[in-house]
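Work through the exercises below with the structure open beside you, and try each task before reading its solution.

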Amino acid sequence: MRKTLAKHISGASLFLIVLLIAIGIFSMMRIYNSHNSIDEVARIDVPLIEAMTNIETHQLEQSINFERAVRFAEEIGIYENAQENFDKADSIFRYLAVLVDEELKEAEEQVKIGIAEAISDNQRIIMKDLLNALKRMEKEHLSYERDALAVIDLFKDGKIAEAIDRVADVEAEEEKFNKQVTILLFEVEGYTATAVNAIELDERNTLRLIVLFTCFFVMIAIIISFISSNKTTIPIDQLTEGVKRLGKGETSVQVAAPPSGLTSELATTFNEMVVKLHDAQEEIDQHIHFSYSTAHDLKAPIINLIGLLDRLNREANDHDEILELAKTSAKQIQTVVNALNEVHQLRENLDTKSELINFEDILAEVEQSISIQLETSKVIITRWFAKCPAVKYPASQLKSIFLNLITNAIKYSSPNRLLEIEIESYKENDHTVLEVRDNGLGFDSNVNGLEILEPFKQLDTSKEGSGLGLYLIKTIIDHHHGHIEVKSKPEKGTIFTIYLN
């Protein structure tokens with residue numbers, strides 16, 4: 001009887017473990033799918049925003065050159081260079097007309113790809129509306145080009161009065177087309193918000209499903225343990241309380257495991273499962289936060305471009321200044337796109353195999369890669385690796401940690417003193433610790449603290465950069481179950497203490 005019961009218990013335990021592993025695999029697959037969904041949104045949305053930005057910029061240039069052609073045509077015979085300037089404006093206008101037509105067609109192809117790869121019917125409807133809007137824009141732009149070129153040809157033929165009479169109609173067509181661009185930019189923003197909201201809802205539903213399955217199978221484990229073990233050294237109510245807390249979303253709960261017995265295996269499995277669930281939840285939260293930050297950083301320059309377009313419609317004397325501001329907004333979008341690519345590349349390589357590497361060797365490679373920057377900044381780097389000369393870690397990731405910390409120290413160095421960076425490695429309990437100290441500008445860590453580790457976060461926005469350097473470091477550290485501490489005071493410098501594993 002005892003042997004039969006033992007076989008049933010062993011079989012049930014094996015079945016339970018398989019189910020827990022299946023839940024873990026399911027959760028990781030769902031997280032992976034969420035990551036892919038975010039990447040897909042960025043892959044469709046970012047090129048479309050770039051295309052619309054190019055259309056808007058080149059349309060602004062085209063409008064400006066039409067107005068220049070009109071002005072110079074009226075000055076032919078009055079000023080010496082009027083004819084030459086008229087011909088130049090005419091040539092640029094015709095070139096930009098062809099370019100905008102091509103960009104509209106490219107944008108249509110990008111939207112068609114978005115329709116084919118949309119993750120919901122609602123997104124597909126939005127993308128189809130975008131496609132229809134683009135087709136209307138293409139027709140209106142062709143009409144605008146035709147009428148504008150007709151006016152320019154009248155000027156060439158010397159029919160000045162007739163050309164001037166038709167200028168107002170062309171400008172009206174131009175204003176109508178610009179309004180279409182504004183509406184389309186709002187629709188693109190709506191598509192982004194809809195896609196991100198759908199992904200976030202799917203992530204929340206996935207987490208609820210994982211918690212539900214986990215609670216169900218843990219309850220089965222409790223029943224098996226209660227029936228089979230008469231010498232349990234851990235109270236069943238303690239494990240039950242842990243399940244209840246887990247069901248409420250407290251993913252850091254742990255139960256004390258006895259030294260041996262079925263209950264010991266059950267408690268250990270429960271704790272391991274909770275750790276995996278906690279890691280999965282943290283990764284989901286990080287992606288949600290990163291999605292919000294990315295959407296926010298993309299939204300600002302888009303709104304700025306819309307504002308510039310409205311301003312262009314109202315003001316006719318500072319086109320060059322508005323165009324320069326529009327290019328600045330486009331560069332801001334490009335910075336966010338490059339940052340997305342950098343984060344995506346890092347996440348793809350997070351599982352790189354660890355190897356035993358020397359701190360000195362890695363630091364030397366980093367110094368060599370930024371030797372010109374170090375020489376220009378006149379920075380002094382002091383290292384103490386004697387206490388812990390090596391660590392088992394992916395070499396590329398340790399290089400990234402060194403590189404981002406050193407360049408960050410250079411960026412925020414004080415103009416009143418020579419920059420000194422001290423790097424030390426040592427052991428603390430079972431952790432390998434890397435400490436990086438500098439005497440730069442510093443900040444109040446009691447106020448900002450770990451806030452500087454968030455994506456796109458810069459305490460001084462006048463400094464060049466994407467604001468992702470410290471976030472990349474935190475992503476690497478979190479992946480290896482380490483953590484980072486920051487201490488800093490204004491004009492006293494900063495200390496980064498990194499527990500690598």
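**Exercise 1: strands side by side**

In this predicted model, strand β6 and strand β7 (residues 493-499) are paired in the antiparallel sense, with seven bridges between them. Find the residue of β7 that stands opposite Lys487, and then work out in which order the strands of the open sheet follow one another.

Solution. Begin with the pair itself: the residue in β7 that stands opposite Lys487 is Ile495. Next, widen the view to the open sheet, where five strands lie in the order β2-β4-β5-β7-β6 and the pairing is mixed. The two edge strands are β2 (380-384) and β6 (483-489), each of which pairs on one side only. Finally, consider how the strands are turned: neighbouring strands of this sheet make an average angle of 15° with each other, when direction is ignored.

**Exercise 2: a helix on the sheet and its partner**

Determine which strands helix α11 touches as it packs on the sheet, and then describe how helix α10 (residues 395-411) and helix α11 (residues 469-479) cross.

Solution. Start from the sheet, on which α11 packs by touching β6 and β7, with its direction at about 25° to that of β7. Now turn to the other helix: the axes of α10 and α11 come within 9 Å and cross at roughly 150°. Because angles over 145 degrees count as roughly antiparallel, α10 is roughly antiparallel to α11. The crossing in which α10 passes α11 is left-handed. To see which residues meet, look in α10 for Gln397, Ser400, Ile401, Asn404, Leu405 and Asn408, which meet Gly469, Leu470, Ile473, Ile476 and Ile477 in α11. Sorted by kind, the residues of this contact are six nonpolar, five polar and no charged.

**Exercise 3: the span of a helix and its neighbour**

Check whether the span of helix α3 (residues 121-156) agrees with its number of residues, and then describe how helix α2 (residues 82-116) lies against α3.

Solution. First, take the 36 residues of α3, which at 1.5 Å a residue should span 52 Å; the end C-alpha atoms are 52 Å apart, so the two values agree. After α3 comes Gly158, which has a positive phi, near 85°. Then compare the two helices, whose axes come within 10 Å and cross at roughly 165°. α2 and α3 are therefore roughly antiparallel to each other, and α2 passes α3 in a left-handed crossing. The residues of their contact divide into 19 nonpolar, two polar and 13 charged.

Note on methods
Residues numbered from 1 in each chain as written. Predicted model: local features only at pLDDT ≥ 70, side-chain atom pairs only at ≥ 80, totals over all residues. Heavy atoms only, no water. Axes fitted to C-alpha atoms, helices over the stretch in contact; angles between N-to-C directions. Helix = DSSP H or I, 4+ residues; strand = E, 2+ residues; numbered from the N terminus. Parallel < 35°, antiparallel > 145°, perpendicular 65-115°, else oblique. Left-handed = near helix turned anticlockwise from the far one by under 90°. Contact = heavy atoms within 4.5 Å. Nonpolar A, V, L, I, M, F, W, Y, C, P; charged D, E, K, R; others polar. Expected span 1.5 Å × (residues − 1). Pairing = 2+ DSSP bridges.
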